[in-house]
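Here are a few exercises to work through with the model open beside you. Try each one before reading its solution.

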Amino acid sequence: MINLIYKISAIISFSILSLNISSHHAFTAEFDANAPINITGKVLKVEWINPHAWVHVEVEEKGKKTTWMVEGGTPNTLIRNGINKESIKPGTVIVVRGYQSKGKLCLPRCIANGRDVTFPDGRKVFMGSSGTGAPRDGADPRERR
Amino acid sequence: MVSGVQNSLLIIFFLCISAFIYSEDYQPAKTWFGDPDLQGVWTNASLTTLERPDYFDSLEISEEQVIAAKNNSERFNEALDNPYETGETPESGGDVGGYNVAWMDPGNDFIKLNGKYRSSIITYPENGKLPRRLTRWAIEGPSIYRMFTRADHPEERSLGERCIVGFGSSGGPPMLNVLYNNHYQIVQSPGYVMIMVEMNHDARIIRLNSDHNPDNMKPWLGDSVGWWEGETLVVKTINHHPQQKFRAAIRHQILMMEEAEVTERFTRTGTNEILYQFEVNDKKAYRETWKGEMPLRSTNSKMYEYACHEGNYAMANILAGARAEEKQ
């Protein structure tokens with residue numbers, strides 16, 4: 001019986017971990033699964049900071065302007081993929097789909113995660129092989145030399 | 001006579017080629033103070049995980065198995081990167097997820113050692129699985145649960161979220177691959193080896209031919225001392241920080257108790273490769289000593305600072321989110 005309790009407790013521990021360890025931090029703790037967003041707006045600026053970059057987007061609806069901060073990943077990876085500050089210029093129109101933060105005061109800005117960030121025609125804004133910097137053994141022709 | 005000279009030249013040529021091909025004959029360059037030179041920027045990014053997935057039944061796997069697994073990985077990334085139809089709004093109650101795959105850098109190939117692909121970093125036990133003591137996981141379970149569910153103040157959250165050390169065991173020891181920031185820079189000076197870990201910009205400082213610090217000193221990343229055995233740097237780490245007990249990432253979940261002893265071996269086997277081997281002796285958390293190995297490969301990529309504290313807006317957002325939930 002005690003063994004069974006131990007096993008159940010251990011399995012629960014594993015489950016908690018696997019649900020929460022997807023990034024530098026637990027997105028489920030920061031964003032509200034019941035508050036999906038689908039916004040289109042102009043890039044105001046990109047904060048190329050660690051641990052996660054933030055894209056500031058101005059969304060205009062019915063004459064009212066709202067600024068959103070959209071969370072991405074580490075800029076280190078994008079820089080290795082050749083994407084830099086010049087790649088996403090202010091004024092670029094993008095579509096952000098994701099979830100709003102649990103705190104919804106929007107002071108001074110609304111906050112969301114960039115689950116999917118595209119141009120209006122559907123192309124990804126943040127493109128690139130997710131393998132850059134990986135071990136090079138010649139097996140993958142896409143590897144940078 | 002001419003033929004004899006030609007033959008001699010050919011023999012010399014093939015001897016040179018053989019010496020180049022066989023890594024066991026590789027003689028690493030030396031630093032100016034005479035130690036084997038391990039310096040440079042290295043990466044351990046790889047699709048091979050610490051533990052062997054159930055769909056592999058041996059340490060060494062065939063090229064066909066690797067191709068199939070890589071295809072699966074690409075399909076998974078494709079699905080992860082295209083969660084919605086054009087114009088579709090995410091569903092309420094859906095998976096919050098993270099961000100586009102382009103932000104990640106998990107590697108695009110499996111570990112290859114001695115010309116053979118590997119299904120796991122673990123080499124012992126032979127099943128490629130951690131010999132976990134479930135009783136220890138059960139005992140530690142409540143602490144793990146609190147770490148990911150409480151948000152009364154920053155100290156309740158995990159070390160990675162607090163930008164104290166990288167998540168998982170990226171900083172080690174043992175140093176394990178995660179989804180991004182898998183770069184390491186090794187710098188040597190007389191009496192010291194420093195390993196800068198990109199994930200969270202952690203610096204491991206290894207004192208050579210030195211005693212361990214007193215047992216009441218338990219620094220982040222443990223207390224590491226090292227020595228040379230021939231061309232191999234051997235590093236022994238004890239007195240792990242008690243808050244680094246849980247090391248969890250998508251690709252590995254390990255326990256490392258304060259009393260654990262980790263021995264690492266760094267052997268430069270070629271211009272572009274270090275063989276990294278380790279064994280973990282932690283009687284409280286594991287039924288037996290477990291071992292692993294992987295290559296660290298040189299990369300032309302630069303190390304970038306991961307100044308986690310400077311832009312960690314997420315922590316404030318997590319705490320604000322918890323306060324908002326309390327009001328509901």
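**Exercise 1. Find the residues with the most contacts inside the largest nonpolar core.**

Start with the rule: a nonpolar core is a set of buried Ala, Val, Leu, Ile, Met, Phe, Trp, Tyr and Cys residues joined through C-beta atoms within 7 Å. Buried means that 20 or more other C-beta atoms lie within 10 Å of a residue's own (12 or fewer is exposed, in between is partly exposed), with C-beta atoms placed from the backbone. The largest such core in this predicted model has 86 residues. Those with the most contacts inside it are Trp68(A), Val70(A), Val96(A), Ala112(A), Val178(B) and Tyr184(B). Next, ask which element gives the most to this core: helix H3 (residues 134-149) of chain B, with five residues. Helices (H or I, at least four residues) and strands (E, at least two) are DSSP runs, numbered from the N terminus.

A note on reading the model: it is predicted, so local features need pLDDT of at least 70 and side-chain atom pairs count only at pLDDT 80 or more, while totals for chains, interfaces and linings use all residues. Residues are numbered from 1 along each chain as its sequence is written, and chains are lettered from A and ligands numbered from 1 in the order in which they are written.

**Exercise 2. List what Trp68(A) touches, leaving aside neighbours within four places in sequence.**

Two residues are in contact if their C-beta atoms, placed from the backbone, lie within 7 Å. By that rule, Trp68(A) meets Ile39(A), Gly41(A), Val57(A), Val59(A), Arg109(A), Cys110(A) and Ala112(A).

**Exercise 3. Work out the strand order of the three-stranded open sheet in chain B.**

Strands pair if DSSP finds at least two bridges between them. The order is S2-S4-S3, with antiparallel pairing. Strand S2 (60-61) and strand S3 (112-113) of chain B are the edges, each pairing on one side only. S2(B) and strand S4 (residues 116-118) of chain B share two bridges, and Ile61(B) stands opposite Tyr117(B) in S4(B).

**Exercise 4. Describe the side of chain A that touches chain B.**

First the count: 70 residues of chain A are in contact with 71 residues of chain B. H1(A) gives the most to chain A's side, with 10 residues.

**Exercise 5. Decide which parts of chain A to treat with care.**

pLDDT is the predictor's confidence in each residue, from 0 to 100. Chain A averages 78, and 70% of the residues score at least 70. Over residues 18-22 of chain A the pLDDT is below 50, and residues 129-145 of chain A are also below 50. Where pLDDT is low, the predicted coordinates should not be read in detail.
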